[in-house]
Amino acid sequence: MTVVRDYKAFKEARELLDGSVGFVPTMGALHEGHISLIKRAVKENDNVIVSIFVNPTQFLEGEDLDKYPRKEEADIKLCELAGVDILFMPTIDSIYFEDEMKILAPAVAGYILEGAIRPGHFNGVLQVVMKLFNITRPNRAYFGKKDAQQLLLIEKMVNDYFLPIDIVECDIVRDSDGLALSSRNVYLSDDERKRALAISKSLKRAGKMIMSGERSVSKIKDDMIRLLKESVDELEYVEIVDKALNTISTVQEQNTLILVAAKVGNTRLIDNLWI
Ligand code: AMP
């Protein structure tokens, strides 16, 4: 595995690759969720590039940019073990420039749900992903369903800007108790972690209601809200939308997303279920 930290070194390493390229962008502090994306990329491509970059432009003022977990050494080992060919860990200065061009999130889909709570967040996400796509020039790029709105907006960017990249949607990896893996889970105390389980439980219950025939979005939402409010400290949203992120009143087979965002203690957690 080659580890590179700026564009010039990356370009040299990239030129040596022969065959198809799969790309997995991450912010590091790698866990089994990230590894599942990397392993899938290794299986489906001749070469795999992983990037680790805690992207400052996607953090809002007052968010956890400074304390975001960083585990460089462990991450390098995990990538090596998983079969990564190039690990790109750029510095901020090698990615961003003075007075640079901007990619903007769509005015509607980028400012609802996560975008309403974190206005401008998706501008930063799409800006860095566009840069990383152009740097790495992958055939396929792998994203987790865990960040559902992010995944759908990246698919939209690829579509709207005619990027020749296949986006591969990867399933959410959970701990054995159901909690969706996240680099931010390390912020949770034991008590908070227990209370955070209400998030995945509420989604599981919603899934069961749908399996047994319930189609009313308001009934499912009410049930989830009741369960969540018993455990989380701040329920930011529970929404049931179609895969274009439009609100719906009836569950649609194969085209429904149930999304939750909540704070437990000071930690913001998101999770979702794809129907
Ligand atoms: P991050 O490092 O949080 O930016 O995540 C990098 C990629 O890993 C994104 O595509 C995430 O959606 C994905 N990811 C994060 N957590 C999980 C998880 N628990 N299961 C599947 N994918 C995940």
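Figure 1. On one side of H8, Lys219, Arg226 and Lys229 are exposed (over 50% relative accessible area, with buried meaning under 20% and partly exposed in between; 1.4 Å probe, protein chains only). The model is predicted: local features require pLDDT of at least 70 and side-chain atom pairs pLDDT 80 or more, whereas totals for chains, interfaces and linings use all residues. Residues are numbered from 1 along each chain as its sequence is written, and side-chain values use heavy atoms, with hydrogens and water left out. The buried residues of H8 are Val217, Ile220, Asp223, Met224, Leu227 and Leu228. Viewed down the helix axis, these buried residues fall within an arc of 135° and so line one face of H8; the arc is that of the directions from the axis to the C-beta atoms. They pack against helix H7 (190–211), strand S7 (234–241) and strand S8 (257–264), contact meaning heavy atoms within 4.5 Å. Helices (H or I, at least four residues) and strands (E, at least two) are DSSP runs numbered from the N terminus.

Figure 2. A pair of aromatic rings is described by the distance of the centres and the angle of the planes. Rings of Phe, Tyr and Trp (its six-membered ring) pair if their centres lie within 6.5 Å; planes under 30 degrees apart are stacked, over 60 edge-to-face, and the rest tilted. Five such pairs occur in the structure. Phe10 and Phe88 form a tilted pair, at 4.8 Å centre to centre and 45° between the planes. Phe10 belongs to helix H1 (residues 7–15) and Phe88 to strand S4 (residues 86–88), so the pair ties together parts 78 residues apart in sequence. Both Phe10 and Phe88 are buried.

Figure 3. Phe133 and Phe143 pair edge-to-face, with 6.2 Å centre to centre and 80° between the planes. Phe133 lies in helix H5 (residues 121–136) and Phe143 in strand S5 (residues 140–144), ten residues apart. Both Phe133 and Phe143 are buried. Ring pairs link Phe23, Phe133 and Phe143 into a cluster.

**Figure 4. Lysine charges over aromatic rings.** Lys67 lies over the face of Tyr187, at 4.1 Å from the ring centre. The charged end of Lys145 sits over the ring of Trp274, 5.1 Å from its centre. The criterion is NZ of Lys or CZ of Arg within 6 Å of the ring centre and within 35 degrees of the ring normal.
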